[in-house]
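Dear colleague,

Please find below the structure that I am handing over to you. My notes on it come after the display.

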Amino acid sequence: MSGEDRRPKGEEPRNGERGAKRPASVEPAYDSDVEAAIRENYPALIAYVTAGDPSLADTKAYVEALDRGGADLIELGLPFSEPIAEGPTIQAAINRALEAGTTPQGFFELVDDLETEAPLLVMTYYNMILQYGPEADVRPFVERAAEAGLSGIIVPDLPAEEADPLRDACDEHGLDLVFIVAPTTEGDRLDRIMSQVSGFAYVQARLGTTGARANVSTATHDSLARLSAYDVPKAVGFGVSEGDHAAEIIEAGADGVIVGSALVDIIAEHGADGDAAAALEAKAAELKRGARRGATGEDAPEPEQP
Amino acid sequence: MSTSERNRERDSERTFGDYGGQYVPEALMPALQELEDAYERYVIENEDGFMDEFRDRMRDFGGRPTPLQRADRLSERYDREIYLKREDLVHGGAHKLNNALGQVLLAKYMGKERIIAETGAGQHGTATAMAAAHLDMPCEIYMGRTDINRQRPNVYRMRMNGAEVNPVTAGSGTLKEAINETMRDWATTVERTHYVIGSVVGPHPFPKLVRDFQSVIGREARAQIQDRAGRLPDSVVACAGGGSNTMGAFHEFVPDCANPRFADDSSSAERSSADSQAAQPRDDGDEPREHVDLVAVEAGGSSLEIDEAAGLAPNSATLSTGTDGVLHGAMTKLLQQGDGQIVESHSVSAGLDYAGVGPELAHLVETGRVTPVTVDDEAALNGFHRLSNLEGIIPALESSHALGYLEESHDELGDVVVVNVSGRGDKDLETVLEETEKRDLEAAPDVEVFDG
């Protein structure tokens, strides 16, 4: 049964209701830093790290290293105790961050402190957004995110059907709300999501959870083909870990690649030994070179050895 | 509008008042729509005779209907009529089969090839493994490491029925972590796999689907008590963890209320309290409705406080002490810290040990139709021993909470009381022996006399 059948006849859909469309002529009343960062830096690199892994001070150094290394957008994970969309790598990072005492307050103070070229997004689960204020309400979180200078929000457990309250608050405060498009997202659902998305569409490369993989899934190519008709930047994540993956994904029509677990692996390997930042910077540079290779078909020149 | 039309309209909604919804990763949304479609067609409309086959199998394989037994010695002890709904006599030893068989059969009708499920106490895992064996479906069960250690007989039963049991070591290794891991499996294999969720929790349509399969408990009990006592009970008492035996026992009684505030349906219960002054029996063309109190007994554990620093709740009293939030696909009441992290719950009963609760139950509590109460570990253990000793029925530790409440508060429950014995306690014997030895329980036998 489709959702459209349920509305009483003669009643107009509210924005974001099942079957509702954001009219194409009505653009958000703000300039999207996120969309600009992807379009202007094509092919874009979006880097993810979990805030507070292993400490908020380390995260500051890692984010700045990724920014230097060529990340065009940086996604910061605000840890939630039940990360159902994450694989073992990011789940472990979230556990480390929680054990280190990471709180939403600490997270926002970190963002207050950060000065990066790349706009910053927060990735977290819906309950964390709801609980930021005294009542179960999304607004205090969005207000604080805007105040801290975040440019957008990604919520892995918030499908378009449930997103009205957050969509409204984000519109009001000039934040992008990025939706995930899965390999199972097709037809009406795809239309519905693409009419709500802002910043970019997060294309999930394969079914399952996050985690570095050895190859690029054929589902990625199918998803990008389905999305080619929509004029929204598309970035592919879930399983991207190497420059060659980035090249293949960009060549298949993506505007950007999203890399998380491969970066978190570097942080986990180095622990707090102080070398993680340099390794992250080098990895970002490798991924960005790979992406460029995918866009131009040519090898970018190797960077000078530090 | 007829009752069935009203039910149809209500069932087309994704929420119960402010609770419910579908808060899941995008990859799962098409599967939820597919399930919603199957629920409408097969469960509501009985397409292809689905519900007929389900009822036949519940009769022949599952052992339904279960008796409503008058508990003579409890009735004498409390000086009122106490009836026990004997879900412990369902095949597998608990009400869980009602839902597991329904969902595995539904998965088969939907053309799914593989069954996955989570389990806490192991009763749902056992029921799912039995149903999958009965219907010839491959089955994998996720179970927390702590629960595997405290519910070993059920682990063996699942494996004997051909299911794989996957241990989950994250967090405290209980039901919450098992659900997370099952959701991850489902997000990877969603196209061919059905996730048999074990309680009235999770994203729409699971809370309604599970409730409908479980509502046979209350439907039978309602007819049986009218037959035996010639009237409806004053109260129905059931334990509440996730809430599947609770909703199963309560659902048919939700409209039974002399209070017009609740007369129409559960979702129209927001009217002014002035309405509730003019209590009138509802005339629905059937019989005048009598008032039935619905009492959900939660695990009070060792304390009702949350230890914020440790992220622990020494209880599982979500309806009584929880706050609104989103966990495992639904907006509901949760045991959580102020900043939104979910706390580890505790109960002596693995089956109640969960930080969330079904969204419909949260709504019924919020609108005043269901009263949540708590019973601590010790009172539950006494309830366990008392029923074993007085009536020759060894109840599950989950159900023992309802029996503990009966002991403490029978004066408030009226003249005719139905207690749902949601399962049998064989699985809990190791825990009960261990926990009994730590305490001086008035209802427990002296086990030491057997040691020498």
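The notes below concern the interface between the chains and then the nonpolar cores.

This is a predicted model, in which local features need pLDDT of at least 70 and side-chain atom pairs count only at pLDDT 80 or more, while totals for chains, interfaces and linings use all residues. Residues are numbered from 1 along each chain as its sequence is written, chains are lettered from A in the order in which they are written, and side-chain values use heavy atoms, without hydrogens and water.

At the interface, 37 residues of chain B are in contact with 39 residues of chain A (heavy atoms within 4.5 Å). The two chains bury about 3200 Å² between them, 50% of it on carbon and sulfur atoms (accessible area, 1.4 Å probe, lost on being put together and summed over both). Three salt bridges cross this interface (a side-chain nitrogen of Lys or Arg within 4 Å of a carboxyl oxygen of Asp or Glu). B:Glu26 forms a salt bridge with A:Arg189, with the closest N and O atoms 2.4 Å apart.

As for the cores, the largest nonpolar core has 193 residues (buried Ala, Val, Leu, Ile, Met, Phe, Trp, Tyr and Cys joined through side-chain atoms within 4.5 Å; buried means under 20% relative accessible area, 1.4 Å probe, protein chains only). A:Ile153, A:Leu166 and A:Phe200 touch the most other members. Not counting residues up to four places away in sequence, the residues that A:Ile153 touches include A:Leu121, A:Phe141 and A:Leu166. Another core, of 23 residues, lies apart from the largest one and includes B:Leu84 and B:Val421.

With kind regards

Technical notes: Buried means under 20% relative accessible area, exposed over 50%, partly exposed in between (1.4 Å probe, protein chains only).
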